[in-house]
Amino acid sequence: MNSTSDEIHPEEPQPMTALRKKERGTNPISFGRDHRDTVGEALSEHARIQCRNVNVFYGNKRAILDINLDVARNEVIALIGPSGCGKSTFLRCLNRMNDTIPDCRVTGDILMDGAPIYGDSVDVVPLRAQVGMVFQKPNPFPKSIFENVAYGPRVHGLASSKSELGEFVEKSLRRAGLWEEVKDRLHQPGTGLSGGQQQRLCIARTIAVNPEVILMDEPCSALDPIATAKIEQLIDELRSDYTIAIVTHSMQQAARVSQRTAYFHMGHLIEVGETSQIFTQPRHQLTEDYITGRFG
Amino acid sequence: MNDIIEGHTYRRYDGELRHLHRIVLDMGELIVIQISDALRAFHSPSAELIQQIKTREIDVDRMEVEADAEISRLIARYSPVGSDLRVVISVSKSVTDLEGIGDEAVRIACVVDELIGIPLSKMQTPVMEEIEGLGQLAISSISDAVGLFDLYDEKTALRVIENHREMDGEFQSELRRLMSYIRDDSTDINLALNMALVAKSLERITHHAQNLAEYSIFEMEGIDLREGQYKP
């Protein structure tokens, strides 16, 4: 075999670019701060929710820009990013909560199990039962624990008798891990529970109307570490039955509870990936800067 | 390497990550002295030098324990992720390897201790020259590998990895030469076995240096180069 001067000699150390190609194909930080196209696998073969070219405008201001993202069945996806990045705005698109904000306009397509959720013919009441939401601050109704949970099934006509309604309430409270703590005081005010219990009551209220997707907007930000751990355990258990999208400012919480993580920055979806990859080897410099506490 | 450490909003975090690198550099500096002294003792046996090596080994062990404590504290306080996590993992593994290199320096010192007073044989001079050659390669590898934690350079890291391949070949050749000496003169078995132990320690040192280079690549590039996966 003839040797040429261009050949790579095995005994000479090769530059890292060669190693990258050999070992993994990409450098963890392959995209600089100016790159704004989404990095990573934003779409899923098992999508329950599909978002395509989603933009949200508050008046003339575009809050989120051309977001393409799937949320898969039985996954927990964490939406992270600095304040004002658009993650909560995006979350609220998924059950049309933005409709309640004056001057807010949503463009693009959002499909739930293949059917569009935006359009004049879509009734938002069943949609919001199908896609339930848990907010940052626990917001139980000023009613009894029982009535907080019973309200949804009653309004949506899910229970045909009082006993069936009771079964709905017990099942939902059990699923939310709250039954044992409140079963002897179901007719006391929900507002009398601790913050963590109130949040689980809100989750029970969401579950009671048989949703398919649960949206959580910083559900633990007002809770102590034990109450937070109980909510995180609950999220883990609920994943077998529901699809969950959670907005959180806690990197550790995102790392603990989610299977996929999406990083937003100034209205752009910067990077999506397996949570383990995002928190060990992010590919976009902005993701790296944010999760390591370098800005935001 | 400081590029990936600096810039946190909470600037104290920069300082604590920098301190982890400082630990590797301090420990590495001591380790290089240990190996250099072990090779000096090998060349010119000295009971005093051997004792100094054994005494300094206590410092090496103490530094490893202190490094582990610093790493535990940093994980508990900052829950590092991304490149910060890679720094912590890299330093944590590096101090273990550096402690292992310290053990090898003491092993060489102990072998030299055994040889003090044994009459010179005809194989001693050529064998010692060969092993001193291996020693220079080991010193060069570990110095370069430790230096990566101060100023990272991928070519240097890859050279350190290649050095171990070279050392592995040299070590096998040395064993064959020692067996040949033994076949020629069986009265030198004790000496030959001790020389094989020294050669083996030097081979282990370059292996640890290779590990350090791989950790530095993992830290800087996020690439996990496990043994055998990198084939140029």
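A nonpolar core is taken here as a set of buried Ala, Val, Leu, Ile, Met, Phe, Trp, Tyr and Cys residues joined through C-beta atoms within 7 Å. A residue counts as buried if 20 or more other C-beta atoms lie within 10 Å of its own, as exposed if 12 or fewer do, and as partly exposed in between, with C-beta atoms placed from the backbone. The model is predicted, so local features need pLDDT of at least 70 and side-chain atom pairs count only at pLDDT 80 or more, whereas totals for chains, interfaces and linings use all residues. Residues are numbered from 1 along each chain as its sequence is written, and chains are lettered from A and ligands numbered from 1 in the order in which they are written.

We can start with the cores. The largest nonpolar core has 78 residues, and L79(A), L94(A), A204(A), L215(A), I244(A), A245(A) and I246(A) have the most contacts inside it. A second, separate core of 61 residues includes I131(B), A157(B), A199(B) and A209(B). Two residues are in contact if their C-beta atoms, placed from the backbone, lie within 7 Å. Leaving aside residues up to four places away in sequence, L94(A) touches I49(A), I110(A), V131(A), V213(A), L215(A) and A245(A).

A78(A) is buried, because 26 other C-beta atoms lie within 10 Å. Beyond residues up to four places away in sequence, its contacts include I246(A), T248(A) and A254(A).

In chain B, helix α2 has 32 residues and reaches 47 Å from its first C-alpha to its last, close to the expected 46 Å; the expected span is 1.5 Å times one less than the number of residues. Its buried residues are I50(B), I53(B), V60(B), M63(B), A67(B) and L74(B), and what covers them includes α1 (11-43) and α3 of chain B.

Most residues other than glycine have a negative phi. S79(B), which follows α2(B), has a positive phi near 40°. S79(B) sits in the loop between α2 (47-78) and α3 (82-115) and is partly exposed, with 14 other C-beta atoms within 10 Å. N53(A), also not a glycine, has a positive phi of about 50°. N53(A) belongs to strand β2 (residues 47-58) of chain A and is exposed, because 11 other C-beta atoms lie within 10 Å.

Key
Helix = DSSP H or I, 4+ residues; strand = E, 2+ residues; numbered from the N terminus.
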